[in-house]
Every structure is written in structure tokens, then in C-alpha cells.
Amino acid sequence: MMTRRDTLLGAAATALLLSTVPNVAFAAEDEISKLPRQKIELVAPPFVHAHQQATKDGPKVVEFKLVVQEKEVVIDEDGTKFQAMTFNGSMPGPLMVVHEGDYVELTLVNPATNTMPHNIDFHASTGALGGGALTLINPGEQVVLRFKADRAGTFVYHCAPGGNMIPWHVVSGMNGAMMVLPRDGLKDRNGKPLHYDRIYYIGEQDMYVPKDEHGKYKSFASPAESYVDTVEVMRKLIPTHVVFNGKVGALTGKDAMTAKVGETVLIVHSQANRDTRPHIIGGHGDYVWETGKFANPPETNLETWFIRGGSAGAALYTFKQPGVYAYVNHNLIEAVELGATAHFKVDGKWNDDLMKQVSAPGPIPGGPTN
């Protein structure tokens, strides 16, 4: 059984190996110090903090804070308990939004009440290990990292403390996304501006919960205690749960995402570990950045799109009909059996031209048939 001490010593060794990354001072530091600063209050997904879709302002330093929370959560209607490791307490961690050319300044906090070392790897950043070498901290420590958002798109971030700790921390909940918008906003392939009325962030999570000899899901007192059994399940590559935003049904019923007929919604979808196939049942992807990179022209009118493991994508859709829309991973086994389903509840007036029940269900005319 791996102990906390073993884990911390392993992390310390990793940190020592990574400490050879050079810390070079550039003349540009003085220029960065003169830039305006903006402090962002992050919100839990599926919601996203207030932001401008386009800006005429120059670059700025955007300040974020993530606090690592290790905690037990319930992940399904059966009460299955899961030892989660999270950024700011949510699975996924919050979506962070900046503009291309801005500087991201992140304060990462690992409270003394935690049991594990943690760090952060930003796929949006440029630099070895995505900042992971510079942010590895033990319980009771914090660190500040700054990087320039030098390319537009949607990007995953996740914990990557080294070795086999990396996949375990990721599938235990330590992942999220960043959106770097072009300074002049989103555009179609012809350069026409695109605008969204609402934005939602959906983080898809594959989970690997051990079972006991009777086939019942096991519970553990801490992440460290769950490690050995969890890794055994992980190595079989068969998830026990595939969910949106941390648990089965997290975005359904009273927690469904909302919109109105005529509103355009931007959906940012991330999967830090496995491939997935988002689909709106009864809707479409009007404009889809399947790879999540806004410098590339969006695909249009997609029925289902593909998000590669370790990436985030974005899709715009204007709702045309009211009702409850299921938003699923269109591996329907994972959607129906393992939990990867969300709902959009859309208000508005029904349009018979788009869809109409011509006749209600009733007996077959002419009586029984063979």
C-alpha cells in the first residue's frame, strides 16, 4: 500500500529532476509590469465567469486562483462514493477565459489539509510540461505561475504530478479548460463575426471505482487509501462511470442548462483522458471548432462532433424549438448506461413548420393486421 510519505517523497524527487528548468529574466518583464491587471472570480461549471467576447483593449494580466480540494463526493443515484481531487471543488475545474495576447497569472493553492502533492499543466501554455515543473506543490504550499496566451482556442488543463500519479489525478477529477478568444471575437470561415448569448462548459469525466468481492462499489477514507485498488481498475481501461460535470445527472432535471428559442449558445466540451462524441438530440452544431482552435475555420451543420482525449472543443447552436434537448456522448452505451447525458431546457413558441405531429398515436385503420 502506498503511503502519503511515499507519495510526497516521489513528488519531491520529481521536483528535483524538474528544477533544472532555467529561469531566465527577460527585458520584457518591465513591460509586463506596466500592463493593466484584472482579477477574475471563477464560477463552478457549467457556468462561466463574465467576459468580453471581443475587445479593442490591449493585452492585460488576468489573475486567477485555483484551490485544490480533496474531498469525498457522491457520483450517482445509488450513492456511490468517490474520493475526488479537484480544482476549486468542482469536476471539472472552472473554465477560464482570456484573450489572445493576454498574460495568465495563476495562483495555485494546496491547503495543508490535503494529503497529496499537486500541480497544473496548461495545454494553452508554451513551455516544457505546460507549467507542471514550475507548479508542483506539497500540502501547505502555494505557487504563482504566469504565461502568455499566445494562441486562440479551447484547451484542457490538468494535474500532472509525475509518473503514474498523472492519470490517477486526472481521472480523479483534476482537470478543467481554458478558452483563449481571438481579440476580435469568433468568426466564421468567411470572417463574419459570430456571437453567443449564453455559454456553458461541460467537462466529461471517466471514472474507475473499485468493487468488493460482492460486486459492490467500495468507499475509502482518503485518495491515498483508494490508490492501489483504483489503479487496478484504471489499467483495464473500462470506466465504471462516464459523466458530465462530476456525477450522473449533474446537468439534468432541475439542474438542466437553460436557453430560449432564438438564443445562440456556445458549448465548450472537454475530455482530459478519453475521446468523446458530443451530440444534441434534436439539434446541431451550427459552427463547430472540433479541435478547439479558433484560428482554424469552423465546421458547419454537424450532427455529432469529435473531441480528442486531452483536448476541448467548442460548438455554437441557435435553438429553434422549445423543449428538453438531451446532450449526450453519442457512444450511447456510455450516455445511457454510464451517465454521459445532460439536458438543455429551452423556452419559447413551437414552430409547426419545423416539426409537427400530423396524427396522434391510434389504432391501425382497417383493424388488426398480420
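Biologist: How far apart are the mean positions of the positive and negative charges of the protein chain?
Modeller: The mean positions of the 34 positive and 40 negative charges are 3 Å apart. Lys and Arg count as positive and Asp and Glu as negative, with His and the chain ends not counted; each charge is placed at NZ of Lys, CZ of Arg, CG of Asp or CD of Glu.

Biologist: What kind of model is this?
Modeller: This is a predicted model, in which local features need pLDDT of at least 70, side-chain atom pairs count only at pLDDT 80 or more, and totals for chains, interfaces and linings use all residues. Residues are numbered from 1 along each chain as its sequence is written, and side-chain values use heavy atoms, leaving out hydrogens and water.

Biologist: How many helices and strands are in the protein chain?
Modeller: The protein chain has six helices and 19 strands, taken as DSSP runs (helices H or I, at least four residues; strands E, at least two) and numbered from the N terminus.

Biologist: Where does Leu 338 lie?
Modeller: Leu 338 is in the loop between α6 (332-336) and β19 (341-347).

Biologist: And which residues does Leu 338 touch?
Modeller: Leaving aside residues up to four places away in sequence, Leu 338 touches Pro 239, Thr 240, His 241, Val 242, Val 243, Val 248 and Ile 333; contact means heavy atoms within 4.5 Å. The C-alpha atoms of Leu 338 and Val 242 are separated by 5.2 Å, although the two residues are 96 apart along the chain.

Biologist: What share of the 370 residues is buried?
Modeller: Buried residues make up 51% of the 370, where buried means under 20% relative accessible area (1.4 Å probe, protein chains only).

Definitions and conventions
Buried means under 20% relative accessible area, exposed over 50%, partly exposed in between (1.4 Å probe, protein chains only).
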